[in-house]
Amino acid sequence: MDFTYTETQDMIRDTLARFLSDTYDFDTRQKFINSDSGRDPAIWTALAQELGMLGAPFAEVHGGLGGGALENAIVMEELGKVIGIEPYLPTVVIAGGALKAVGGAQADAIIPEIIAGNVIVAFAYAEPQGRYDLANLRTTAKKDGAGYVLNGHKGVVYAAPWATHLLVTARTGGGTRDREGVSLFLIEANLPGIVRRDYPTVDGSRASEIYFENVAIPGDALLGGEGTGLPLVEQIVDEATVAVCAEATGVMQKLHEGTLEYTQQRKQFGVPIAKFQVLQHRMVDMFMEVEQARSMTIMGVLKLDLPANERMAAVSAAKAKVARGANFVGQNAIQTHGGIGITQELAIGHYFKRATMIESQFGSHDYHMDRYERLVLAD
Amino acid sequence: MDMEFSPEDLAFQQEVRDFIAENYPADLREKQDEGEEMSKEDFLVWHKILHKKGWIAPAWPVEYGGTGWTPTQRFIWSEETARADCIRLMPFGLAMVGPVIYTFGTPEQKAHFLPRILSGEDWWCQGYSEPGSGSDLASLRTTAVRDGDDYIVNGQKTWTTLAQHADWGFFLVRTDKDAKQQEGISFLLIDMKSPGITVRPIITLGGEHEVNEVWLEDVRVPVANRVYEENKGWTCAKFLLAHERTGIAGVAASKRGIEKVKAIARTEVDGNKPLLANAFFKRKVAELEVDLAALEFTELRSLAGPNAGRGPGPESSLLKIKGSEIQQRLTELSLEAVGHYGAPYFRGFGEGDNEHPIGPDYAHRAAPTYFNMRKTTIYGGSNEIQRNIIAKMVLGL
């Protein structure tokens with residue numbers, strides 16, 4: 001057993017942390033998230049071309065650093081520490097994960113483009129009626145000659161306004177909630193018939209409602225088998241869920257550190273408020289949640305390669321624990337800051353907002369506890 | 001002991017229901033349902049209707065414009081207005097400075113200010129907290145120095161709710177630097193249009209402009225606008241803080257909030273069933289209802305029990321703590337209920353923008369409201385301070 005990081009992994013973390021501390025301070029972030037496009041494209045380019053960071057989980061044969069889920073977790077945790085809105089999750093973790101899983105010509109063509117920073121992918125999976133059920137799909141892809149015709153509505157697609165490509169789940173068969181009949185497609189984002197409504201999200205990113213209106217897509221857009229795509233979708237969403245747990249760990253660590261720092265400066269009744277035992281115990285409880293989030297993230301990473309049921313149980317355990325922890329740490333960071341925590345002026349409130357959205361991303365606490373119970377405690 | 005309404009109470013309840021049904025403005029209701037931010041005029045339109053009816057200040061003594069209702073009638077009133085989702089009346093005049101003025105003010109102050117509070121002519125704001133004085137309010141540093149018939153006021157206040165609309169503000173200021181902290185404070189009424197006052201917005205997490213910083217630079221305030229004796233302002237402040245806490249349980253509003261959460265959870269689909277049929281979600285709603293019942297009957301005991309009529313005591317801290325926690329859990333449950341559609345940030349309708357917000361109507365304020373309502377365990381004396389009060393005043397620790 002060994003829980004130490006390799007030299008390469010330490011190098012990835014240190015390089016990225018240094019880069020982000022130079023380029024991603026809170027004021028700079030606020031400036032670009034409030035700009036028209038909502039991002040600074042130069043940061044993505046630098047992550048790709050100066051740091052080679054977008055190659056972290058990819059094989060060397062594709063030009064990557066030869067890593068995997070642990071490297072993704074390292075990157076996501078560092079992005080969490082700066083509440084980064086870079087589309088690493090949908091592009092590298094999710095689309096990259098799908099391409100690695102299917103391999104072949106599609107992987108050979110797209111992965112190098114991801115690594116180079118030329119491709120940004122948004123993951124269009126959620127639908128208004130579907131909540132967190134990945135099979136609850138009304139979007140359809142009908143066979144049409146060598147290709148397909150796509151129709152449907154995808155909701156709250158993070159990073160879609162910036163995307164060159166969309167990774168889309170759709171039905172090639174079966175009824176709305178059937179496990180059979182789900183297919184996964186990687187398509188260009190500007191095909192005729194794709195209509196977007198873009199908007200900001202409460203946690204500082206950008207997203208879109210996407211409507212597919214008789215969109216003709218080529219046959220080679222299909223990733224994996226036609227109608228048998230759900231296990232692949234579940235696998236990449238589990239990988240993404242663990243990556244979000246890693247991001248949460250970074251966010252929670254900063255919420256905790258910010259609270260420690262503030263309570264040592266803020267004086268009331270003649271003393272720093274950190275002297276009050278009720279606040280000390282609260283900050284100890286926050287600390288314990290951060291540590292457990294880190295532990296559960298590592299557990300999730302290490303169990304991603306197990307058979308599907310064991311993998312899903314582990315990921316659900318991690319996400320359920322992290323969701324509760326993010327809720328507790330976020331709320332108590334604000335409470336301990338008092339009024340100033342509720343303003344847009346301090347970074348702490350923005351970390352709280354991201355922590356809140358992470359709680360339900362890829363499934364709420366209840367969703368994951370339910371999945372865990374079904375997998376582990378079934379009669 | 002009983003909890004039944006008398007025939008007179010039931011008749012009164014019907015009268016209130018009819019009045020609201022006939023008089024509540026339809027366009028205001030529509031704006032509320034759309035979740036739009038309310039303008040000053042929006043807040044005042046219902047106020048003015050109630051003023052005309054003579055129902056604007058049920059809690060005030062009849063001689064100053066109160067309704068003379070029994071505690072039960074006042075309870076019915078707050079229940080019914082919440083049930084009908086009537087817009088909240090601004091508390092700064094009606095519930096805060098009004099009672100201070102009729103309790104401690106001069107005949108001239110009463111004659112001038114009270115009718116204008118009732119009519120809604122003057123919008124009030126509260127100048128209490130300072131950047132360095134939050135929970136430790138008595139450490140406040142804004143000074144007022146006598147200069148003939150005026151005070152000259154200098155300092156900075158913060159968290160001043162809706163000061164951007166205010167005509168008048170009630171301020172705690174230090175008039176004796178050498179006295180013990182709480183003994184050198186005075187209570188001043190300040191015209192917000194006075195030269196030297198600057199109001200600067202503070203934008204909160206949901207994007208709202210609700211609170212402000214107020215800067216006071218050599219602001220001249222007539223001594224005649226001081227309420228009660230010089231250096232005795234803390235007496236007014238304590239009176240007002242206790243007053244502020246009585247309504248803070250928010251039972252009626254939380255009942256309405258639970259109904260809204262249920263309505264969302266009946267509409268939202270989870271698999272092939274409404275979300276409200278999800279056992280985990282349903283249990284959370286049920287737990288909220290149980291906790292709200294406990295809060296309600298604790299409040300009713302304090303309204304109608306043996307200590308009724310003696311004014312709010314330290315037990316009102318219990319109502320504030322439990323009431324604020326319930327309000328927050330409600331917003332948390334709403335956000336959970338709307339699922340993915342908690343994420344889109346709706347900035348309100350711009351000029352000429354009729355495009356519908358993203359997702360269902362009930363979703364687009366869920367996250368901003370959840371963020372915003374974190375304030376309830378902080379304002380009006382944080383819940384930590386309320387627990388200190390209970391420990392000291394109730395438990396004698």
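Two residues are in contact if their C-beta atoms, placed from the backbone, lie within 7 Å. In this predicted model, the contact between the chains takes 33 residues from chain A and 31 residues from chain B.

**Contact between the chains**

- On the side of chain A that touches chain B, at least two residues each come from β3 (147-158), β6 (194-200), β7 (206-217), α9 (308-337), α10 (347-360) and α11 (365-376) of chain A.
- α10(A) supplies the largest share of that side, five residues.
- By residue class, the side of chain A that touches chain B divides into eleven nonpolar, 14 polar and eight charged residues.

**The pair α9(A) and α10(A)**

- The axes of α9(A) and α10(A) cross at roughly 155 degrees and come within 9 Å. Because angles over 145 degrees count as roughly antiparallel, α9(A) is roughly antiparallel to α10(A).
- The crossing in which α9(A) passes α10(A) is left-handed.
- Residues of α9(A) in this contact include A:Ala323, A:Asn327, A:Gly330 and A:His337, and those of α10(A) include A:Ile348, A:Phe352, A:Ala355 and A:Glu359.
- The residues of the contact of α9(A) with α10(A) comprise nine nonpolar, five polar and one charged.
- Of the 14 residues of α10(A), 13 are buried, and the helix is thus mostly covered.

**Nonpolar cores**

- The largest nonpolar core contains 149 residues, and A:Ala122, A:Leu167, A:Phe185, A:Ala248 and A:Ala355 have the most contacts inside it.
- Helix α7 (residues 230-265) of chain A contributes the largest share of this core, 15 residues.
- Apart from it lies another core of 48 residues, among them B:Leu50, B:Trp124, B:Ile190 and B:Met192.
- Beyond its neighbours within four places in sequence, A:Phe185 is in contact with residues including A:Ala141, A:Val168, A:Ile217 and A:Leu223.

**Positive phi in chain B**

- B:Trp159, in the loop between β3 (150-157) and β4 (168-174) of chain B, has a positive phi near 60 degrees and is not a glycine. B:Trp159 counts as buried because it has 26 C-beta neighbours inside 10 Å.
- B:Tyr228 is likewise a residue other than glycine with a positive phi, of about 70 degrees, and lies in the loop between β8 (226-227) and α7 (233-246) of chain B. B:Tyr228 counts as buried because it has 20 C-beta neighbours inside 10 Å, and the cut-off for a buried residue is 20 or more.

Terms used. Residues numbered from 1 in each chain as written. Chains lettered and ligands numbered in written order. Predicted model: local features only at pLDDT ≥ 70, side-chain atom pairs only at ≥ 80, totals over all residues. Core = buried A, V, L, I, M, F, W, Y, C linked by C-beta atoms within 7 Å. Buried ≥ 20, exposed ≤ 12 C-beta atoms within 10 Å, placed from the backbone. Helix = DSSP H or I, 4+ residues; strand = E, 2+ residues; numbered from the N terminus. Nonpolar A, V, L, I, M, F, W, Y, C, P; charged D, E, K, R; others polar. Axes fitted to C-alpha atoms, helices over the stretch in contact; angles between N-to-C directions. Parallel < 35°, antiparallel > 145°, perpendicular 65-115°, else oblique. Left-handed = near helix turned anticlockwise from the far one by under 90°.
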